[in-house]
Amino acid sequence: MISKEEATAQIVTLARTHSITLEELASALGRQEIDANKKDAFTLTQVFSYLGGIFILAGLSTYIGLAWSHLNTAARIVVTLGPGIVCLILAIVSAMQQRREKNVTVLVVLSAIFQTIGLFTTAHEFSTGGGDVRVAMLAIFGILGFQYGLLFFKYTRTSLLFFAIYFGLAAFVNLCDLVHIPRRLTEVIFGASVLALSYGIQRTPYNSICGFGYFVGSITLLWTAFDLLKNTPFEILYLGIACFMLYVSTIVRSRSILITSTIVIFSYISYFTSQHFVDSMGWPICLILLGCVFFGISNFALKLNKHFKSADIADY
């Protein structure tokens, strides 16, 4: 590590070599201080903005909870649906003015929460009783999905795409339940759809939502597969399905699927051991040997892949 005197000498040498004046050096140092102060002020502003939003939400929620029994139908709809519409309008204005993505995202999230609560409150206040709640859920989720889908095509923000997909899939699940499609088939279609959508979005600027999508899709498919195969003669096939999902994670390069599949494989092996080999010492030895075999296959595949790459380069 150089001393302060040596660093000063280097600065002087560089200043003379590049003809940098004292005024230019002082101006540059002052500009760095100004930029640092701006950054600190921006961070402090963010903190106070978040605190302000939290306190406003807490106050509004507390007021609604305390005054709910004293409010009439119109007032209940206004205090729940109103903030959602206001937040949505503010989100649109921020998007039109090309504001920061984080600001728009916060407003979109608040609008989704309050609009959902408000629409369910509206449906409850105007219902006469005896209706099918799935019809109301289908209508509400369908309206919200269509709304956020239109806004996404207009303003192309990631948060709008997320809620368009979320509400659209929620409406689809309710529609399947309404027309009596088997639950397990619905879960398979849902999980596969989420994985397909995540894979399609992965190579777009909106790929920040793919991790969550891969997690939800993979856990849904793996849970459904275990529910289908548990306590059947084909239960051991579940381990193959989990290993296949591990392979899928390498194809789509998803850490979410990788972590989910790994946890599921270990969990199933533990479950299978407790069910069939609780007192057998040969089973863990067999697992260790199987792991060594897989390590060997992995090493061979890696060398083979490098050989193919070298051959391709030579041919080129």
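Colleague: Why is Tyr-166 called partly exposed?

Modeller: The model is predicted, and in it Tyr-166 has a relative accessible area of 45%.

Colleague: Why does Ser-159 count as buried?

Modeller: Ser-159, found in helix 6, has 7% relative accessibility. Buried means under 20%, so Ser-159 counts as buried. Leaving aside neighbours within four places in sequence, Ser-159 is in contact with Glu-101, Val-104, Thr-105 and Val-108.

Colleague: What makes Phe-120 and Phe-141 an edge-to-face pair?

Modeller: By the pairing rule there are 13 aromatic pairs. Phe-120 and Phe-141 form one with 5.9 Å centre to centre and 70° between the planes. Phe-120 lies in helix 4 (residues 101-126) and Phe-141 in helix 5 (residues 133-155), so the pair ties together parts 21 residues apart in sequence.

Colleague: Why is the pair of Phe-162 and Tyr-166 called stacked?

Modeller: Phe-162 and Tyr-166 are 6.4 Å apart centre to centre, with 10° between the planes. Planes under 30 degrees apart count as stacked, so this pair is stacked. Both residues lie in helix 6, four residues apart, about one turn of the helix. Phe-162 and Tyr-166 also belong to one aromatic cluster, whose members include Phe-120 and Phe-141.

Methods. Residues are numbered from 1 along each chain as its sequence is written. This is a predicted model: local features need pLDDT of at least 70, side-chain atom pairs count only at pLDDT 80 or more; totals for chains, interfaces and linings use all residues. Side-chain values use heavy atoms; hydrogens and water are left out. Helices (H or I, at least four residues) and strands (E, at least two) are DSSP runs, numbered from the N terminus. Buried means under 20% relative accessible area, exposed over 50%, partly exposed in between (1.4 Å probe, protein chains only). Contact means heavy atoms within 4.5 Å. Rings of Phe, Tyr and Trp (its six-membered ring) pair if their centres lie within 6.5 Å; planes under 30 degrees apart count as stacked, over 60 as edge-to-face and the rest as tilted.
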